[in-house]
Amino acid sequence: MSKVVIQADDVFKKYGSRNAIQHLNVSIPEFSVTAILGPNGAGKSTFMRMITGMVKPSAGNLTVLDQTPAWEVNRSIAYLPDRARWYGNHRVGQAIEWATNLHPGFNAERAWELMKSFGLDAATPVEGMSRGQEARLMLALCLARDVPLLVLDEPFSGIDMISREKIIAALIDSFSERQQTVLISTHEIAETESLFDHAVFFQEGTAVLSGDVERLRAERGSMQNIYRQLYG
């Protein structure tokens, strides 16, 4: 039986009178590539922010890497929030220098390899990048970290098909090379389904379905079909 890296037991998160997360029970197995799926407003981003310790549960119990999420645990997590903008006044080379100094487990050599494969030059200014270029830069900086847990919130949102293809190819290469647990929230299910071996479907702040992807496919069909069944 796989070790559990993230465990949520009856977790709630309230914003005023609204429950963003409610009765959430989730187990994420170690070294899985887990899809976090659901419509907008289902609680996916709140769940990811709770994992990183940026948001604290209002009730229930959440453990990440066998600890309560906090600054110490966050050093073992590479987190890419939706539409991240971290290095607006830098060039690509400077962004790598900053990441080398700031982020635990950052592998500059790996970052340069990813930048090259993504078609990003050291002298390229971050300011003025296209959405696709910016997404590739932010993702490369996350993938270059040798940490146990990688959390990516909508890394494909609003970018062109060519950029998505390059990102997915980089993800496949990265996952095959290193043992990491990976969470990816995405609406691009058709293009990314082959990445995943575990999935959690969110609705109204709770997990309505989760499990091994092969088992879910055998029982219900493709991830796209399951998505349509749950939310169509």
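Leaving aside neighbours within four places in sequence, Thr34 is in contact with Ile28, Val182, Leu183, Ile184, Phe196, His198, Ala199 and Val200. Contact here means heavy atoms within 4.5 Å. This is a predicted model, in which local features need pLDDT of at least 70, side-chain atom pairs count only at pLDDT 80 or more, and totals for chains, interfaces and linings use all residues. Residues are numbered from 1 along each chain as its sequence is written, and side-chain values use heavy atoms, with hydrogens and water left out.

**Thr34 and its strand**

Thr34 is found in strand E3. Helices (H or I, at least four residues) and strands (E, at least two) are DSSP runs, numbered from the N terminus. Thr34 counts as buried because its relative accessibility is 0%. Buried means under 20% relative accessible area, exposed over 50%, and partly exposed in between (1.4 Å probe, protein chains only). The Thr34 side chain also makes a polar contact with the side chain of Ser32, at 3.0 Å. A polar contact is a pair of N or O atoms within 3.5 Å; within protein, one must be able to donate a hydrogen and the other to accept it, and residues adjacent in sequence count only if both atoms are side-chain atoms.

**Two sheets**

Strand E3 belongs to an open sheet of six strands, in the order E5-E6-E7-E3-E8-E9, with mixed pairing. Strands E5 (77–80) and E9 (206–212) stand at the edges with a single partner strand each, so one side of each has no neighbour in the sheet. Two strands pair if DSSP finds at least two bridges between them.

Three strands form another open sheet, in the order E2-E1-E4, with antiparallel pairing. Its edge strands are E2 (18–29) and E4 (59–64), each pairing on one side only.

| E8 and E9 | Six | Phe202 with Ala207 in E9 |

Helix H9 (residues 223–231) lies across E3, E8 and E9, running at about 20° to E8. Axes are lines fitted to C-alpha atoms, for helices over the stretch in contact, and angles run from 0 to 180 degrees between N-to-C directions.

**Rings**

How many aromatic pairs are there? The count comes to two. Rings of Phe, Tyr and Trp (its six-membered ring) pair if their centres lie within 6.5 Å; planes under 30 degrees apart count as stacked, over 60 as edge-to-face and the rest as tilted. Phe47 and Phe202 form a tilted pair, 5.4 Å centre to centre with 40° between the planes. The pair links distant parts of the chain: Phe47 sits in helix H1 (residues 44–51) and Phe202 in strand E8 (residues 198–203), 155 residues apart. Both Phe47 and Phe202 are buried.

Lys13 lies over the face of Tyr15, 5.3 Å from the ring centre. A charge sits over a ring if NZ of Lys or CZ of Arg is within 6 Å of the ring centre and within 35 degrees of the ring normal.

**Gln94**

Gln94 is found in helix H3 (residues 92–102). At 37% relative accessibility, Gln94 counts as partly exposed.
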